[in-house]
Amino acid sequence: MTFRIPQKVNMIIEELMQQGYEAYAVGGCVRDMVLGREPEDWDITTSATPQEVKRIFRRTVDTGIQHGTVTVLIDKEHFEVTTYRLDGEYEDNRHPKEVSFTSSLAEDLKRRDFTINAMAFNEKEGFIDLFGGMEDLRRKLVRCVGSAEERFNEDALRILRAVRFSAQLGFSIEEKTLAAVKAKAANLNNISAERIRVELTKLLLSDYPDRLRDLYETGITRVVLPEFDQLMVTEHNNAHHIYSVGEHTLRAVEEAGRQEASGFDVRERTILKWTLLLHDIEKPSCISIGRNGQRHFYGHQEKGALTAKRILRRLKFDNDTIDAVVHLIRWHDHSFELTPAGMRKTMCKVGKEYMPLLFEVCRADASAKHPDYTGEKLGQLEKARGLYQGILNRRECVSLKELNVNGNDLIAIGMKPGRQVGEILAYLLEQVLENPGLNDRDTLLDMARERTA
Ligand code: ATP
Ligand code: MG
């Protein structure tokens, strides 16, 4: 089999070689090319120094020049070109004290995390595979370059990355690497929340998000998401469930935004995955026992929303994502009233733009409960979705924004700005949610006059 790399990447490599330097595609893109996956981006490694790279290419950006990385722009695409590097001594399980450049490709490959990420390729020389990366790709193994323990001591993020790659690729973690993951998991304490968030989200969005279970079993969640461990040891003891809260959560996460069906973009899928991961996070603290001995979890939605906010803040998520996840968790257990007026009221309270996400949250949640009830629950959800769609199609009003009068209209017919206007608008909206036919300017103004008469 002959492997080809994109023309622009090849152009950059050939240009560097013509100027007398070595250059290769390296890391994740080489791995993905061999696996037939679409690489996220093409990284290039070269013996040329950053200054030399900048001299050779017309359009460049100093992205991480102190680490040797220069971005080369070709048309509208950009490619990271990094000088062969070797990492110095590591401190605190996270950053090398210093990085230095080297003229040796072997040194550069040696500092990389896993054998499957430590191969280089160009069309002239083919693959440079010094650590058995090809063989590990064939055997579907994530294995550290060199001693796993040492590599994890250098940078503890690699512990989480091992599981993340296994989830993205459907690979196993090689025995010694796995033993070191378990032995060193606690070192993740020294890693910044941002880096952990990035890896967790990649794992959640991967083809095998149930590898979260490995994070639990290896002791990683204990450090990065201890709240999750509590779910794994909490039983439901409730007729609607056959799994523990943790296993239910894993299944719901798997189900959420399944790519084929969903049509959700990455941002929405990120929101969905985190919502399902955290939707029952406060079930353990909300247990009560009913008369028939069954467990109930009253109030876990509201309490869980608050805890989710705390966790997402801790992980340094942006506010938009936090708001969306918190809102969806608050509503995840909603039982939809299956009438048009009931659905309009729900849309008003939840917000129209959240409805597709909420339906998906409810679908994933229902799919992960007792299979005997799933059919019925999904049937009800489909009815709810049908009602929602009808309301959209008929363009019925479900918010103040869509009401055919506004505050100024009310002031113009003599109402007092402030509280009175607010109350009347709320009253009108309530009436329109019951009966969409009332959403007509003259009708609403008459109703307002009558109300204040
Ligand atoms: P993705 O598909 O997520 O981009 P990737 O393999 O390209 O996967 P990146 O995080 O983009 O991963 O890193 C690019 C390359 O840099 C890796 O393939 C690996 O060779 C090296 N690398 C990245 N992070 C580390 C790390 N923490 N320790 C050692 N090498 C690393
Ligand atoms: Mg990458």
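Reader: Which helices each supply at least two residues of the shell around ligand 1?
Author: Ground rules first: this is a predicted model, where local features need pLDDT of at least 70 and side-chain atom pairs pLDDT 80 or more, while totals for chains, interfaces and linings use all residues. Residues are numbered from 1 along each chain, chains are lettered from A and ligands numbered from 1 in written order, and side-chain values use heavy atoms, leaving out hydrogens and water. Counting helices as DSSP runs (H or I, at least four residues), numbered from the N terminus, you get H2 (28–35) and H7 (157–169).

Reader: Where does the largest share of that shell come from?
Author: One helix gives four residues. That's H7.

Reader: How many residues of the shell are charged?
Author: Charged means Asp, Glu, Lys or Arg. The shell has one nonpolar and three polar residues. The charged ones number ten.

Reader: Which side chain has a polar atom 2.7 Å from a nitrogen atom of ligand 1?
Author: Arginine 112 sits 3.1 Å from a ligand oxygen, and lysine 202 is 3.0 Å from an oxygen too. These are polar contacts (N or O pairs within 3.5 Å). The one at the nitrogen is arginine 158.

Notes: A polar contact is a pair of N or O atoms within 3.5 Å; within protein, one must be able to donate a hydrogen and the other to accept it, and residues adjacent in sequence count only if both atoms are side-chain atoms.
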